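The sequence and structure come first.

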Amino acid sequence: MARNIGSHYTAHRVLGRGSAGTVWLGEGPEGPVAIKLLREDLAADPDLAERFAHERHALLGLEHPHIVGVRELLVPESQEGAAGENGEIALVMDLVRGPDLRTHLTRERRLAPAEAATIVAGVASGLAVAHAAGIVHRDVKPENILLDTSGEQPVALLTDFGVAKLIDEPRHGGRSGVVGTPDYMAPEIVEGLPPRAAVDIYALVTVLYELLSGFTPFGGGHPGAVLRRQVTEQVAPLPGLPDELWELIQQCLAKAPASRLRAAELASRLRETRPALAGLPPLDLGDPASDEERRPASGDPEYAGYGGHGENTAALATAAPTRAAVPLVRGAAPDSERVTHTRMRVPDADELAGGAHGTARAPRAPGQPRAGSARNTTAGARRRRRLAVTVAGAAVLAVVAGWLLFSGGDEGGGGDGRGPATEVTLVDAADVG
Ligand SMILES: Nc1ncnc2c1ncn2[C@@H]1O[C@H](COP(=O)(O)OP(=O)(O)OP(=O)(O)O)[C@@H](O)[C@H]1O
């Protein structure tokens, strides 16, 4: 049922749900929009409403061809900015017509290096603008990269800017904390340092590695083990990659934040690698998961218009549920259904250093997913564990882990119903303007 959001917008139907709220397909004075409505319990927190109001200009001012634009921020009337009608906090965003990168990757298993580099170069150029404005995303991952398929060629856009930070900031007098997804979490966050721009580079290049290989460099198993690997392990090489791309990956996954490239440099270096990547097929690393298992729900509207490797997505059609991954954030239960979540302890210093109490792990051949990797099993391919980590000073202490959910909804995001493309070529905005 349609509902009014503020005085100018109407929300028509749910596009998807996340841990912080629900995204609706809406209508405003200038046409269709996406409206992210924060969970009621979050919106009822006056501190949070105040923080959103305070960041209003920063959130609205971020404009870039690879960033999902925020057109309006609605907060309760007592705060600065346009008023949400029922005390709600809502972000009115540009509507992106197409799937998110997780959906695309799940379907394709691995992307050709040129396609992966184009996606990541575009997102890096968006990050460069945000970082120059002093904004760190803090939650870069495939779920937060949307692929706009409304034009001739898909364009990657980063969304959810600043939301993780705003939701996560301490209440007055409270402890500082961070929320993140262990697979993409930079080691300095695990160690309790404040997240700076370099954490976005680490997360984005983790995404690049995942697009190329089908698995994240340090993922798999218990979230605490993932965090420990982020701090202690070196990234395993991916056979078959051109040297310049591999060097760039290594540099951006450096444990020391200062050793990583800046966002603008990452974008330009990736563009420079293009000639070496042209025509390379996706890496052949072997994959235990069957094609059927990794395909998105047949008839998934999120996938309309994105044909991948010449396949006809319409041919995949029969209704099946889409999934939504939901990390645990502070506060009451999210809008989404939760399969399970758990309480955990982040490894202490000894474990982080791989000491006597560290998690024992079998050696692994380079380029192969870990046993128990979320990308290595059928169940795991559908499951993503996430984590809300609270840190106090340099001590890494107690925490709450979130788990992946499968939403039963059939309302995918923003597909435009066009016929499938015969070939997928990602557009880098630098090429067109
Ligand atoms: N601007 C947009 N246009 C179209 N669809 C969108 C837009 N923003 C988000 N969506 C869709 O809405 C769904 C929920 O998004 P949301 O950002 O709330 O959650 P998430 O990023 O999947 O998870 P979380 O926020 O918990 O990490 C996603 O599936 C996404 O595809």
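Val14 is partly exposed, with 18 other C-beta atoms within 10 Å; a residue is buried if 20 or more other C-beta atoms lie within 10 Å of its own, exposed if 12 or fewer, and partly exposed in between, with C-beta atoms placed from the backbone. Val14 belongs to strand 2 (residues 9-17).

The model is predicted: local features need pLDDT of at least 70, side-chain atom pairs count only at pLDDT 80 or more, and totals for chains, interfaces and linings use all residues. Residues are numbered from 1 along each chain as its sequence is written.

**Confidence and overall make-up**

The pLDDT is the predictor's confidence in each residue, from 0 to 100. Its mean over the protein chain is 71, and 60% of the residues reach 70 or more. Over residues 371-426 the pLDDT is below 50, yet this stretch has 188 contacts in the model beyond near neighbours in sequence. Two residues are in contact if their C-beta atoms, placed from the backbone, lie within 7 Å. Residues 171-177 also stay under 50, with eleven contacts beyond four places in sequence. For the complex, the predictor gives an ipTM of 0.97 and a pTM of 0.73.

The protein chain has 15 helices and 13 strands; helices (H or I, at least four residues) and strands (E, at least two) are DSSP runs, numbered from the N terminus. Of its 433 residues, 51% count as buried. Among contacts between residues at least 6 apart in sequence, 71% join residues at least 24 apart.

**Helix packing**

Helix 11 (residues 263-277) packs with helix 5 (residues 113-132) and with helix 10 (residues 243-252). Axes are lines fitted to C-alpha atoms, for helices over the stretch in contact, and angles run from 0 to 180 degrees between N-to-C directions.

| Helix pair | Axes come within | Crossing angle |
|---|---|---|
| Helix 5 and helix 11 | 7 Å | roughly 160° |
| Helix 10 and helix 11 | 9 Å | roughly 155° |

By class, the contact has six nonpolar, one polar and two charged residues; Ala, Val, Leu, Ile, Met, Phe, Trp, Tyr, Cys and Pro count as nonpolar, Asp, Glu, Lys and Arg as charged, and the others, Gly among them, as polar.

Helix 5 and helix 11 are also roughly antiparallel to each other. Among the residues in their contact are Ala117, Ala121 and Ala124 of helix 5 and Ala267, Leu270 and Arg274 of helix 11. The residues of this contact divide into 14 nonpolar, three polar and two charged.

Nine of the ten residues of helix 9 (residues 223-232) are buried, so this helix is largely enclosed by the rest of the structure. Its buried residues include Arg228, Arg229 and Gln230.

**Positive phi angles**

Most residues other than glycine have a negative phi. Arg109, not a glycine, has a positive phi of about 75°. Arg109 lies in the loop between helix 4 (101-108) and helix 5, and is partly exposed, with 18 C-beta neighbours inside 10 Å. Arg138 likewise has a positive phi, of about 80°. Arg138 sits in the loop between helix 5 and strand 8 (145-148) and is buried, with 26 other C-beta atoms within 10 Å.

Key:
Angles under 35 degrees count as roughly parallel, over 145 as roughly antiparallel, 65 to 115 as roughly perpendicular and the rest as oblique.
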